[in-house]
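Here are a few quick notes from my pass through this one. Have a look at the model first, then go through the points in any order you like.

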Amino acid sequence: MTGAEFLTYVRSTFRRTDKDAQIYEATLDTIMDMRLRFNSEDFKYEAYATIADIGDYKMTLPDDFAHLIGEITMEDTASDTSYGTLDKISKKRYDELYPFRTTVANRNTGVPQHFCLYGRELFIGPPADKDTYQFQVNYTTEDATEITALTPEVPFANRHRKTLRYGVMKELYLGLENYQEAEVWSNLYEADLMKIIRNDMDNISDNDSIRYHGV
């Protein structure tokens with residue numbers, strides 16, 4: 001659905017024609033909430049971070065990086081060797097394990113085993129003993145794009161338009177300080193969103209989570 005089409009869809013329930021700007025603002029707010037609440041396939045990406053020099057211990061994440069999905073895997077591109085996943089640790093633990101990473105004289109390099117995310121950078125440890133390591137990062141984006149009548153495709157409006165409308169209605173009534181009406185739409189929105197989240201988890205989980213009738 002385009003921005004104009006979704007506006008008409010919301011108006012069919014909201015039944016006001018003087019709040020178009022507020023409808024578009026509420027639409028964007030709801031889209032951002034939905035993206036934060038579940039890992040939508042529409043905003044999933046795969047990126048590869050590489051080592052520039054031996055001894056490197058941090059790399060810049062993609063500009064549109066928002067949330068890490070799963071783990072980070074590592075391979076050596078020179079030997080086609082896969083090292084599997086790195087262990088995720090906190091920045092505090094990382095600093096305890098690798099205090100001398102910035103000092104060349106005291107730096108101990110090796111095959112990276114750990115990673116942490118900090119300041120939109122990927123830290124690995126130990127500092128790399130090769131410059132041929134490559135790290136696969138699966139992530140979601142979280143950039144905000146204004147919704148207008150000219151928006152060619154409103155996110156979620158094709159597959160989850162009812163849920164999106166529920167969220168928009170909630171935001172509109174909150175803006176009008178009609179909290180009782182807002183609560184009604186909030187309950188509908190939350191119930192629908194939980195269905196989407198459960199379905200999304202089934203899509204990305206292992207086969208063990210699938211259950212069939214009679215099995």
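1. A term to start with: a nonpolar core here is a set of buried Ala, Val, Leu, Ile, Met, Phe, Trp, Tyr and Cys residues joined through side-chain atoms within 4.5 Å. Also keep in mind that this is a predicted model. The largest such core has 31 residues, and the ones touching the most other members are Phe6, Val10, Met34 and Leu172. Elements giving two or more residues to this core are α1 (3-14), α2 (20-37), α4 (161-175) and α5 (179-204). Of these, α2 gives the most, with seven residues.

2. Which residues does Phe6 touch once its neighbours within four places in sequence are left aside? The contacts are Met1, Thr27, Val154, Ala157, Arg161, Leu164, Arg165 and Val168. As general background, nonpolar side chains in soluble globular proteins tend to be buried together.

3. On to the aromatics: a search of the whole structure turns up ten aromatic pairs. Take Tyr57 and Phe123, whose ring centres are 6.2 Å apart with planes at 45°, so the pair counts as tilted. Tyr57 lies in the loop between β1 (44-50) and β2 (58-60), while Phe123 is in strand β8 (residues 121-125), so this pair ties together parts that are 66 residues apart in sequence. Tyr57 is buried at 15% relative accessible area, and Phe123 is buried at 6%.

4. Another tilted pair is Tyr166 with Trp185, with ring centres 5.8 Å apart and planes at 45°. Tyr166 belongs to helix α4 and Trp185 to helix α5, so the pair ties together parts that are 19 residues apart in sequence. Both Tyr166 and Trp185 are buried.

5. Back to Phe123: ring pairs link Tyr57, Tyr94, Tyr98, Tyr118 and Phe123 into a cluster. Lys91 lies over the face of Phe123, at 5.3 Å from the ring centre. Elsewhere, Arg165, one of the contacts of Phe6, lies over the face of Tyr9, at 4.1 Å from the ring centre.

6. The Asp76 side chain makes a polar contact with the Thr132 side chain at 2.6 Å. Leaving aside neighbours within four places in sequence, Asp76 is in contact with Thr81, Tyr83, Lys130, Thr132 and Tyr133.

Note on methods
Residues numbered from 1 in each chain as written. Predicted model: local features only at pLDDT ≥ 70, side-chain atom pairs only at ≥ 80, totals over all residues. Heavy atoms only, no water. Polar contact = N/O pair within 3.5 Å; in protein donor to acceptor, adjacent residues only side chain to side chain. Contact = heavy atoms within 4.5 Å. Buried < 20%, exposed > 50% of the residue type's maximum accessible area, 1.4 Å probe, protein only. Helix = DSSP H or I, 4+ residues; strand = E, 2+ residues; numbered from the N terminus. Phe/Tyr/Trp six-rings, centres within 6.5 Å; stacked < 30°, edge-to-face > 60°. Lys NZ or Arg CZ within 6 Å of the ring centre and 35° of its normal.
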